[in-house]
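Here is a short report on one protein model. It goes from the overall fold to the sheet and then to the charged pairs.

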Amino acid sequence: MTIDQLHTPQRFLQPAPQCEPPADSLMIRRPSARTERVLGTARRTPHSGTSGHSGTSGQSSLTAEPVAPGADVFWNTSLRLVLEVLDQRRSPAHLKSVLSPTVMELVQRLSISHDPTRGLGAARTHRTHVNTASPHAAEVCATFRRGPRTFAIAARIENTDNKGWMVTALHVV
């Protein structure tokens with residue numbers, strides 16, 4: 001085979017067909033620091049999620065409750081602080097203002113215990129959720145990653161008038 005035969009058009013590969021829309025036509029929405037979700041809103045399906053035996057005329061007896069003001073911001077901040085303490089990158093003393101005494105003791109014990117997952121790398125938050133339990137309390141959960149593995153954490157946060165938001169219960173899975 002000669003060099004002229006190698007440069008003939010039939011010897012070159014054809015470009016792959018365009019199967020996806022151009023990148024500039026896609027709108028990627030990244031989650032903001034604040035949760036924009038309103039809990040308790042009607043589902044967007046033909047089924048409303050309520051039983052037909054409730055005595056109401058197709059309306060749900062639940063009213064839409066927004067996430068307690070500041071709960072999402074507090075949860076994201078305190079979650080990052082707790083994960084930094086569990087990674088031994090921050091002193092547990094930094095959490096005194098955001099954790100109740102019993103949760104503080106739990107986090108201190110977890111931070112000094114032997115955790116083989118620390119070898120997978122630093123914990124990175126993945127998703128967070130905030131569910132309003134009452135006007136002054138919320139049940140929150142999150143997933144976080146260490147290397148290729150995903151872990152979960154759940155908590156209850158309460159808003160007290162004199163101290164602001166505080167984590168009153170915590171469960172790390």
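What share of the contacts in the protein with a separation of 6 or more comes from residues 24 or more positions apart? The share is 49%.

**Confidence and overall make-up**

This is a predicted model. The mean pLDDT of the protein is 75, and 61% of its residues reach 70 or more. Over residues 25-43 the pLDDT is below 50. Beyond near neighbours in sequence, that stretch has 23 contacts in the model. Residues 53-64 also have a pLDDT under 50. Here the model has 6 contacts beyond four places in sequence. Where pLDDT is low, the predicted coordinates should not be read in detail.

The protein has 173 residues, of which 25% count as buried. Its accessible surface comes to about 12600 Å². Carbon and sulfur atoms hold 56% of that surface. The protein contains 3 helices and 4 strands. Along the sequence they follow the pattern α-α-α-β-β-β-β.

The 4 strands form an open sheet in the order 1-2-3-4, with antiparallel pairing. Which strands stand at the edges? They are strand 1 and strand 4 (164-172). Each has a single partner strand, so one side of each is left without a neighbour in the sheet. From one strand to the next, the twist averages 25 degrees.

Helix 2 packs on this sheet. The helix touches strand 1, strand 2, strand 3 and strand 4. Its direction makes about 135 degrees with that of strand 1.

Two of the strand pairings can be followed in detail. Strand 1 (residues 124-134) and strand 2 (residues 137-146) run antiparallel and share 9 bridges. A hairpin of 2 residues connects strand 1 to strand 2. Within this pairing, Arg 127 stands opposite Thr 143 in strand 2. Strand 3 (residues 149-160) is joined to strand 4 by 8 bridges, again antiparallel. There, Ile 157 stands opposite Val 167 in strand 4.

**Salt bridges**

Side chains of opposite charge can pair when their charged atoms come close. The whole structure holds 6 salt bridges. The table lists some of them.

| Salt bridge | N to O distance |
|---|---|
| Asp 87 and Arg 89 | 3.3 Å |
| Arg 146 and Asp 87 | 2.5 Å |
| Arg 156 and Glu 158 | 3.0 Å |

Is Asp 87 buried or exposed? Asp 87 is buried, because its relative accessible area of 12% is under 20%. Arg 146 is buried too, with a relative accessible area of 2%.

The pair of Arg 156 and Glu 158 has another setting. Arg 156 is partly exposed, at 27% relative accessibility. Glu 158 is also partly exposed, at 29%.

Key:
Residues are numbered from 1 along each chain as its sequence is written. This is a predicted model: local features need pLDDT of at least 70, side-chain atom pairs count only at pLDDT 80 or more; totals for chains, interfaces and linings use all residues. Side-chain values use heavy atoms; hydrogens and water are left out. pLDDT is the predictor's confidence in each residue, from 0 to 100. Contact means heavy atoms within 4.5 Å. Buried means under 20% relative accessible area, exposed over 50%, partly exposed in between (1.4 Å probe, protein chains only). Accessible areas come from the Shrake-Rupley method with a 1.4 Å probe; for residues, only the protein chains shown count as cover. Two strands pair if DSSP finds at least two bridges between them. A salt bridge is a side-chain nitrogen of Lys or Arg within 4 Å of a carboxyl oxygen of Asp or Glu. Axes are lines fitted to C-alpha atoms, for helices over the stretch in contact, and angles run from 0 to 180 degrees between N-to-C directions.
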